[in-house]
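Have a look at the fold, and then we can go through the terms one by one.

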Amino acid sequence: MKYNARLTTPFGATSTTDDVIAGVDLYGKRAIVTGGASGIGVETARALAAAGAEVVIAVRNMEAGAQVASDIAKKTGSPRVVAAELELTDRASVARFAAEWTGPLHILVNNAGIMALPELHRTPEGWELQFATNHLGHFNLALGLHPALAAADGARIVSVSSSGHRTSPIIFDDIHFERRVYDPWLAYGQSKTANVLFAVEAARRWADDGITANALMPGTIRTNLQRHQLANMTPEVQAHFDNSPWKTLEQGAATSVLLAASPLVQGVSGRYFADCNEAELTTDPSTDISVLLRPEEASTVLAHALDGDDAARLWGSSLAMIRS
């Protein structure tokens, strides 16, 4: 696979959302941040609102979402921050959310996610829950919002992935663990690979609509996302986890905000970023969590996540699933 010249910026692992968005005016722009009521989603929404964007926080829990939207509005002085209900694993909810959207959409941040569920959970359709939440729900949402994105003349899609993509490519013959033994990290890794492949294929399919799409690794941040991970660690992995460099929420959301708003990545599409720069390809096949927590490995990307053939195949498979 040929890889384009790596894009670098003046920012890095310790840069914050305020650093990467300094001087950017988003007044008149409209943004959606899924999972915007917790973790880096809150900070992503705050930074976009502070720069002038109208921000919709798409959440499962409307009470929590409304409170966060109110808090952001107070902090930023922007009255254009609201919450809207969205359950990514419910096709009717996704369809309703997309149908109720009117006008152009300039920024779509696919931020919501779940990680390393210790036991296998399925949706009513039989889909493995991490794949359904992290990938299929966002895929379906982007399809429903495609007309609004195309109407924006330069829309950006930001797909929050993870270094966990390294643990698994897409296992097309058994995506939903119907025949193989369920493993929390393989399921999570497959869903995070899907997040990158979605950006790769959306970049190709929607380029003529002026839409760019990129994926990213936010870094290691202490959020509610790790609740299952922390409960199932061995002492050895726990030691690596405790000693890994942690980012603040402002640092963790910086790469998302960079891709959503910075002129430095204008026109850049179909790539994977970490620490506010395009990630380097790695040939190290290790999937051990202690290796993935190392900063030098967490900021790299394996080729299977950028494979154009797999990206096209996943698009077709995902389309068949959500329309079945």
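Q: How do you know that β2 and β3 count as paired strands?
A: This is a predicted model, and in it five bridges join β2 (residues 54-59) to β3, the two strands running parallel. Pairing asks for at least two bridges, so β2 and β3 qualify. Within this pair, valine 59 stands opposite glutamate 85 of β3.

Q: What makes β3 and β8 the edge strands?
A: The open sheet has eight strands in the order β3-β2-β1-β4-β5-β6-β7-β8, with mixed pairing. β3 (81-85) and β8 (277-278) each pair on one side only.

Q: Which strands does helix α2 lie across, and at what angle does it run to β1?
A: Helix α2 (residues 39-50) lies across β1 (30-34), β2, β3 and β4 (107-110), and its angle to β1 is about 170°.

Q: Why are α2 and α10 called oblique to each other?
A: Helix α10 (residues 254-261) packs with α2 at an angle of about 40°, their axes 9 Å apart. Roughly parallel would need an angle under 35 degrees, and roughly perpendicular one of 65 to 115. The pair is therefore oblique, and the crossing is right-handed.

Q: Which residues of α2 and α10 meet, and how do they divide into nonpolar, polar and charged?
A: From α2 come Thr44, Ala47 and Leu48, which meet Ser256, Val257, Ala260 and Ala261 of α10. Five of the contact residues are nonpolar, two are polar and none is charged.

Definitions and conventions:
Residues numbered from 1 in each chain as written. Predicted model: local features only at pLDDT ≥ 70, side-chain atom pairs only at ≥ 80, totals over all residues. Heavy atoms only, no water. Helix = DSSP H or I, 4+ residues; strand = E, 2+ residues; numbered from the N terminus. Contact = heavy atoms within 4.5 Å. Axes fitted to C-alpha atoms, helices over the stretch in contact; angles between N-to-C directions. Parallel < 35°, antiparallel > 145°, perpendicular 65-115°, else oblique. Left-handed = near helix turned anticlockwise from the far one by under 90°. Nonpolar A, V, L, I, M, F, W, Y, C, P; charged D, E, K, R; others polar.
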